[in-house]
Amino acid sequence: MKKSLLEIYALAVCFATIVCFVVSLGVAIYSIIEIINPEFTMNSYEYKRYQSNDAYWLSRVEDYRNKEKEMQRPSEDELTKQRTEGYRLAVIAEKRGGYQGITKTAIVILINIVVFFIHWRIARRSRETNIAT
């Protein structure tokens, strides 16, 4: 059975959409983990800086190293409050990134499904036309 150029093209597009779909599923699963457990997916630098007052203070000093004035270290209670608030905001930002990621991959998956089925039908029709002739 000889395949037409149109059928080969359509099947190649179907194959590409399947590959893209599989990659998108991987990204979507990671985004779901990011939403469910943002502390786990937070990058190491961000996570480490909130684990102690000293680590938090050193990261803040490094962030402001280029400033002209020197920073005064606040009291331990104030530093703990700043650190826990910063950590809370970092977790919220990580979750938001997960929601954005799942939205993006849902769009890509939807497009993949549409393109796949359009090209699958083209391949079937091409095969039926090729058999009939």
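Glu7 is buried, with a relative accessible area of 2% (buried denotes under 20% relative accessible area, exposed over 50%, and partly exposed the range in between, with a 1.4 Å probe and protein chains only). The model is predicted, so that local features need pLDDT of at least 70 and side-chain atom pairs count only at pLDDT 80 or more, while totals for chains, interfaces and linings use all residues. Residues are numbered from 1 along each chain as its sequence is written, and side-chain values use heavy atoms, with hydrogens and water left out.

Glu7 forms a salt bridge with Arg127, with the closest N and O atoms 2.8 Å apart (a side-chain nitrogen of Lys or Arg within 4 Å of a carboxyl oxygen of Asp or Glu). Because Glu7 lies in helix H1 and Arg127 in helix H5 (residues 76-132), this pair ties together parts that are 120 residues apart in sequence (helices are DSSP runs of H or I with at least four residues, numbered from the N terminus). Arg127 is partly exposed, at 32% relative accessibility.

Among the 5 salt bridges of the structure, Asp54 and Arg73 meet at 2.9 Å, N to O. Asp54 is partly exposed at 49% relative accessibility, as are Arg73 at 34% and Glu76 at 42%.

Val23, in helix H1 (residues 5-36), is exposed, with a relative accessible area of 52%.

Terms used
Helix = DSSP H or I, 4+ residues; strand = E, 2+ residues; numbered from the N terminus.
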